[in-house]
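Q: I am new to this structure and would like to learn how to read its features one at a time. Please show me the model, and then take my questions in turn.

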Amino acid sequence: MSLATHSSVSTQIVTVLKREDIPAERFQIVSIGDNNSASTPLRTFPTQGEATSWLLCNGYAWVKDSNPQQWIKS
């Protein structure tokens, strides 16, 4: 039996970008690693706390000492 028949686990990495110009969308969660530099934000939040809460509730783990802030989900 070949191990190639098992599906691979997909890992998603996102970054949290801060925009000062739009207060309601100040913290934007954007997917990275898809070779699309003009990615549309996955979610936007007015506060960093709300963005962090959403990431934690959706299974993301913080990549320590990342700048800009990155989160990973597998």
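Q: Where is the place of Ser-31?
A: Strands and helices are DSSP runs, with at least two residues (E) for a strand and at least four residues (H or I) for a helix, numbered from the N terminus. Ser-31 has its place in strand 2. This is a predicted model, in which local features need pLDDT of at least 70 and side-chain atom pairs count only at pLDDT 80 or more, while totals for chains, interfaces and linings use all residues. Residues are numbered from 1 along each chain as its sequence is written, and side-chain values use heavy atoms, with hydrogens and water left out.

Q: Is Ser-31 buried or exposed?
A: Buried means under 20% relative accessible area, exposed means over 50%, and partly exposed is in between (1.4 Å probe, protein chains only). Ser-31 counts as buried because its relative accessibility is 15%.

Q: Which residues does Ser-31 touch, not counting residues up to four places away in sequence?
A: A contact means heavy atoms within 4.5 Å. With residues up to four places away in sequence not counted, Ser-31 touches Gln-12, Ile-13, Val-14, Ser-39 and Leu-42.

Q: What can be said of Gln-28 in the same way?
A: Gln-28 has its place in strand 2, which covers residues 27-32. Gln-28 is buried, because its relative accessible area is 7%. Its contacts, leaving aside neighbours within four places in sequence, are Thr-15, Val-16, Leu-17, Arg-19, Pro-41, Arg-43 and Thr-44.

Q: Which residues of helix 1 are buried?
A: They are Ala-51, Trp-54 and Leu-55. The arc is that of the directions from the helix axis to the C-beta atoms. These residues cover an arc of only 100 degrees around the axis, so they are on the same side of helix 1. Leu-56 and Cys-57 are exposed on the other side of helix 1. The cover over the buried residues of helix 1 includes strand 1 (12-18), strand 2, strand 3 and strand 5. Gly-59 follows helix 1 and has a positive phi, near 85 degrees.

Q: How many aromatic pairs does the structure hold?
A: A pair of aromatic rings is described by the distance of the centres and the angle of the planes. Rings of Phe, Tyr and Trp (its six-membered ring) pair if their centres lie within 6.5 Å; planes under 30 degrees apart count as stacked, over 60 as edge-to-face and the rest as tilted. The structure holds two such pairs. The rings of Phe-45 and Trp-54 have centres 6.3 Å apart and planes at 45 degrees, so this pair is tilted. Phe-45 is buried, with a relative accessible area of 8%. Phe-45, Trp-54 and Tyr-60 form one aromatic cluster.

Q: Where does Pro-46 lie?
A: Pro-46 lies in the loop between strand 3 (43-45) and helix 1 (48-57). Pro-46 counts as partly exposed because its relative accessibility is 36%. The C-alpha atoms of Pro-46 and Glu-25 are separated by 5.2 Å, although the two are 21 residues apart along the chain. Not counting residues up to four places away in sequence, Pro-46 touches Pro-23, Ala-24, Arg-26 and Phe-27.

Q: How many salt bridges does the count come to?
A: Side chains of opposite charge can pair when their charged atoms come close. A salt bridge is a side-chain nitrogen of Lys or Arg within 4 Å of a carboxyl oxygen of Asp or Glu. By this rule the count is three. In one of them, the closest N and O atoms of Lys-18 and Glu-20 are 3.2 Å apart. Arg-26 also meets Glu-20 in a salt bridge (3.7 Å, N to O). Arg-19 and Asp-21 form a salt bridge at 2.5 Å, N to O. Asp-21 is exposed, at 52% relative accessibility, whereas Arg-19 is partly exposed, at 30%.
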